[in-house]
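Student: Hey, can you walk me through this one? I'm new to it.

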Amino acid sequence: VIPHDDAAAPGPIRTCIGCRERVAKRELLRVILRIDEDGLPAVVADPEGTAPGRGAHLHPTDACLELAVRRRAFARALRWKGGAQAPDTAGVRAHLALSETE
Ligand SMILES: [Zn+2]
């Protein structure tokens with residue numbers, strides 16, 4: 001049976017890499033891995049969800065960001081193979097700080 005009621009559809013579900021809660025994708029912030037000019041990895045926010053490449057999702061909160069950092073969840077979720085060099089998350093932090101002032 002094909003459901004016709006789109007309003008009732010839960011939509012895509014994603015796991016927050018911070019608190020590991022499974023929630024609707026639209027409640028989460030997508031982040032992606034960028035390699036800067038120095039070849040260093042940086043995690044950046046992708047609020048539109050349109051950037052190419054592998055993304056990870058987390059609640060747009062400091063608490064979940066901290067959890068994800070402490071768990072080294074970014075490197076795992078984004079398939080970063082850089083070893084001890086953990087991806088820089090300053091870009092995500094900055095994005096959250098900006099969102100809070102709105
Ligand atoms: Zn979370």
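This is a predicted model: local features need pLDDT of at least 70, side-chain atom pairs count only at pLDDT 80 or more; totals for chains, interfaces and linings use all residues.

Student: Okay, which residues of helix H1 are buried?

Tutor: In H1, residues 62-70, the buried ones are Cys64, Leu65 and Ala68. Looking down the axis of H1, these buried residues fall within an arc of 105°, so they line one face of the helix. That arc is taken from the directions from the helix axis to the C-beta atoms. Helices here are DSSP runs (H or I, at least four residues), strands are runs of E with at least two, and both are numbered from the N terminus.

Student: And which exposed residues sit on the face of H1 turned away from its buried side?

Tutor: That face carries Ala63 and Arg70.

Student: What happens just after H1?

Tutor: Arg72 takes a positive phi of about 55° there, although Arg72 is not a glycine. Most residues other than glycine have a negative phi. Arg72 lies in the loop between H1 and helix H2 (73-77), and it counts as exposed because its relative accessibility is 57%.

Student: New topic: how many salt bridges does the structure hold?

Tutor: Two. A salt bridge here is a side-chain nitrogen of Lys or Arg within 4 Å of a carboxyl oxygen of Asp or Glu. One of them joins the side chains of Asp46 and Arg30, at 2.6 Å from N to O. This pair links distant parts of the chain, 16 residues apart: Asp46 is in the loop between E4 and strand E5 (55-58), and Arg30 is in strand E3.

Student: Are Asp46 and Arg30 buried or exposed?

Tutor: Both Asp46 and Arg30 are buried.

Student: Which residue does Arg93 form a salt bridge with?

Tutor: Glu66, with the closest N and O atoms 2.5 Å apart. That pair also links distant parts of the chain, with Arg93 in helix H3 (residues 90-100) and Glu66 in helix H1, 27 residues apart. Arg93 counts as partly exposed because its relative accessibility is 35%, and Glu66 counts as partly exposed because its value is 30%.

Technical notes:
Residues are numbered from 1 along each chain as its sequence is written. Side-chain values use heavy atoms; hydrogens and water are left out. Buried means under 20% relative accessible area, exposed over 50%, partly exposed in between (1.4 Å probe, protein chains only).
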